[in-house]
Amino acid sequence: MKSIKRYFEESGRHITAHQSTQLMTYYEFLIEKNRVMNLTGITDYEEAVYKHFIDSATIDRLDLALEGRHVVDVGTGAGFPGMVLAVLYPDTDFTLVDSLQKRIRFLEELQIRLGLKNVRCYHARGEDFAKKYPQAFDIGVSRAVARMEKLADFVLPLIKNGGLFIAFKGHYEAAEATSGESRLKHYNAKTERIDRFSLTGDGENMRTLVQIRRR
């Protein structure tokens, strides 16, 4: 079986042997827990490496300086992208937020198994968490949670002025972008960059990263 490190190398990304081992532990624990709770519909090893781990790592396409920053992942689910990024960026602080307590328990146990010291997990609805921690983070991320007009309300109140929100999307249609922009204005925020690419490099599994700046 090909190592996770090899898959990352083939996608043009370098990870250490230790990080590869951590991600394998992640995959094995995810599959184990998925038998008794609904964490993911993707269980095939290669598919999970691409669609969970490498997908989460595509934030590196934006050339952001993540080290030393405070990052919040809203609606993290089984930890994508936040927990994967915590493995890949050990010098960055990550806060993972999800509305289901059982997923937070999974993430807390996973954090212990991975030996991560740079992660905090919170059970909360996005809108409630935003009221408690207004403008507390440098960068917000969210993957496949809601349309942009709703995501703006979940994430942007958490972001400092001058900070960034990175939305991980599949296909990002013009209608969603247009309706989302009107909501971004409410937070004095604006889309800076839209990066569309094929996750697997073969024209399939299209992804979009939307980079938004709060002014």
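Select Pro-81 to begin, in the loop that runs between β1 (70-74) and α4 (82-88). Keep in mind that you're looking at a predicted model.

Next, the largest pocket. Which residues lie nearest its centre? Pick Gly-75, Thr-76, Asp-98, Arg-103 and Val-145, and you've got them; the whole lining counts 21 residues. The pocket's volume is about 370 Å³. If you colour the lining by class, you'll get 9 nonpolar, 7 polar and 5 charged residues.

Click Gln-135, in the loop between α6 and β4 (137-143). Gln-135 isn't a glycine, yet its phi is positive, about 50°. Its relative accessibility is 34%, so Gln-135 counts as partly exposed. Then jump to Asn-205, in the loop between β6 (189-198) and β7 (206-214). Asn-205 is another non-glycine residue with a positive phi, near 50°. Asn-205 is partly exposed as well, at 26% relative accessible area.

Time for salt bridges: there are 18 in the whole structure. Here are some to visit.

- **Arg-13 and Asp-60.** Show both side chains: their closest N and O atoms are 3.0 Å apart. Arg-13 sits in the loop between α1 (4-10) and α2 (17-34), and Asp-60 in the loop between α3 (45-57) and β1, so this pair ties together parts 47 residues apart in sequence. Buried or partly exposed, which is Arg-13? Arg-13 is buried, at 14% relative accessible area, while Asp-60 is partly exposed at 28%.

- **Asp-55 and Arg-207.** These side chains meet in a salt bridge of 3.3 Å, N to O. Asp-55 is in helix α3 and Arg-207 in strand β7, so you'll need to look at distant parts of the chain, 152 residues apart. With a relative accessibility of 5%, Asp-55 is buried, and Arg-207 is buried too, at 15%.

- **Asp-138 and Lys-160.** Look for closest N and O atoms 3.2 Å apart. Asp-138 belongs to strand β4 and Lys-160 to strand β5 (residues 159-169), so the bridge ties together parts 22 residues apart in sequence. Asp-138 is buried at 14%, whereas Lys-160 is partly exposed at 31%.

For your last stop, select Lys-2, Arg-6 and Glu-10: salt bridges with shared partners join them into one network.

Key. Residues numbered from 1 in each chain as written. Predicted model: local features only at pLDDT ≥ 70, side-chain atom pairs only at ≥ 80, totals over all residues. Heavy atoms only, no water. 1 Å grid on protein atoms, 1.4 Å probe; cavity = no way out; pocket = protein on both sides within 12 Å on 5 of 7 lines; lining within 4 Å. Points joined across faces, edges and corners; volume = space filled by probe spheres on them. Nonpolar A, V, L, I, M, F, W, Y, C, P; charged D, E, K, R; others polar. Helix = DSSP H or I, 4+ residues; strand = E, 2+ residues; numbered from the N terminus. Buried < 20%, exposed > 50% of the residue type's maximum accessible area, 1.4 Å probe, protein only. Salt bridge = Lys/Arg side-chain N within 4 Å of Asp/Glu carboxyl O.
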